[in-house]
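I opened my notebook to go through one protein model, entry by entry.

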Amino acid sequence: MNKFIRNLVAVGAILTVFSGCSFFATNPEKDGNKIVKDGLKNFYDVNVSSLDGTFKGKFVDKSAKDLSVDLAFSGSGDMKDPENILLNLKFDGSGMMEGQGENISAEVKVDKSDLYFIVSNISSFGGLVPADMVKPLIGQWWKTQVPQDMIDSLQNSSFFGDESELTSEEKKMKNLLKDTQFFTDAKYIGEENGDYHYETVLDKEAIKTFVKNAGEIYEESVSEEELATLETNLKDVQLKSEFWVGVADKTVHKLKFNFETTDPVAGAKVDGILTVA
């Protein structure tokens, strides 16, 4: 009998190894909220990546004409060293502003402190961009310097700065961002190309708690009145997001979102997709 039990345990162990399962394995259906949270937490630490995405939005303002935007972009970036930023980004945008169609196509490159850009096409944007200013820009690469205040901002940023050089407040803010569960009710859609796919909704209570805790970090307490105003504004906001989280690296690789405000005076609806590799 003891030999039988030993053999049974051995077979079970082998099957467990080869099936990639264990008693402590992540359950993608039950652990969705944690998987999404950890995926975002790891995503915040990604400094080198290729990316592409699209954004489509419509903005309604009762005091002005509606605005619609359609933007597509792709490129790559290396933010490991804020003093030696590398970025290559192409984008094409179109939209309607004050009843008139507008468009722009351009490419931007950043190499350390040098910024290069080329404009392939651009409309007048209702006369805001004069034709005599646009004509010399079309089809030519131009070079300028990245503004020093932008470089300083990145170097001191909680996201890109050397963590050993961050202030106590910045370290606390970085940890607060990573530890906050902004999205909840994660619904498991399935596994796709090595990613867990989830649908989520915005946790509005988490937003309120985040704002309150951020104020405490910087010793700027948020009043009950301000929190009440935030809660009122959040009632008009709906944000549904989908996340694709890597099974192996536990990092968000793709985000799709639908943002909508139902403010009767100034509303907006924005759909977007961002893919990072």
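My entries below go from the whole protein to single residues.

**Entry 1: ground rules**

I noted that this is a predicted model, where local features need pLDDT of at least 70, side-chain atom pairs count only at pLDDT 80 or more, and totals for chains, interfaces and linings use all residues. Residues are numbered from 1 along each chain as its sequence is written, and side-chain values use heavy atoms, with hydrogens and water left out.

**Entry 2: the whole protein**

I looked up the secondary structure and found seven helices and 11 strands. Helices (H or I, at least four residues) and strands (E, at least two) are DSSP runs, numbered from the N terminus.

Next I checked burial. The protein has 277 residues, and 29% of them count as buried. Buried means under 20% relative accessible area, exposed means over 50%, and partly exposed lies in between (1.4 Å probe, protein chains only).

Accessible areas come from the Shrake-Rupley method with a 1.4 Å probe; for residues, only the protein chains shown count as cover.

I also looked at contacts (heavy atoms within 4.5 Å). Of those between residues at least 6 apart in sequence, 49% join residues at least 24 apart.

**Entry 3: helix α6**

I turned to helix α6, residues 204-217.

Then I looked at both ends. D203 caps the N-terminal end of α6, with a side-chain oxygen 3.1 Å from the backbone nitrogen of E205. After α6 comes E219, which has a positive phi near 55°.

Which residues of α6 are buried? I listed A206, I207, K208, F210, A214, G215 and I217. The buried residues of the helix pack against α5 (168-179), β8 (195-202) and α7 (224-235).

Leaving aside neighbours within four places in sequence, I207 is in contact with F182, L202 and L234. F182 is 25 residues from I207 along the chain, yet their C-alpha atoms are separated by 6.7 Å.

**Entry 4: salt bridges**

I searched the whole structure and got five salt bridges. A salt bridge is a side-chain nitrogen of Lys or Arg within 4 Å of a carboxyl oxygen of Asp or Glu. I wrote up some of them.

K41 pairs with D179, and their closest N and O atoms are 3.5 Å apart. This pair links distant parts of the chain: K41 sits in helix α2 (residues 32-43) and D179 in helix α5, 138 residues apart. K41 is partly exposed because its relative accessible area is 30%. D179 is at 44%, so D179 is partly exposed too.

K178 pairs with D45, with closest N and O atoms 2.8 Å apart. Here too distant parts of the chain are linked: K178 is in helix α5, D45 is in the loop between α2 and β1 (48-61), and they are 133 residues apart. Is K178 buried or exposed? K178 is buried, because its relative accessible area is 13%. D45 is at 39%, so D45 counts as partly exposed. Not counting residues up to four places away in sequence, K178 touches K37, K41, Y44 and D45.

K208 pairs with E231, and the closest N and O atoms are 3.5 Å apart. The pair links helix α6, which holds K208, to helix α7, which holds E231, across 23 residues of chain. K208 counts as buried because its relative accessibility is 15%. E231 is partly exposed, at 34%. Salt bridges that share partners join E205, K208 and E231 into one network.

**Entry 5: a surface patch**

Which residues make it? F59, L67 and V69 make a patch of about 210 Å². Patches are made of residues with over 30% relative accessible area and no salt bridge; like charges are joined within 9 Å, and nonpolar side chains (Val, Leu, Ile, Met, Phe, Trp, Tyr) within 5 Å.

I placed L67 in strand β2, residues 67-78. L67 is at 32% relative accessibility, so L67 counts as partly exposed.

Conventions:
A polar contact is a pair of N or O atoms within 3.5 Å; within protein, one must be able to donate a hydrogen and the other to accept it, and residues adjacent in sequence count only if both atoms are side-chain atoms.
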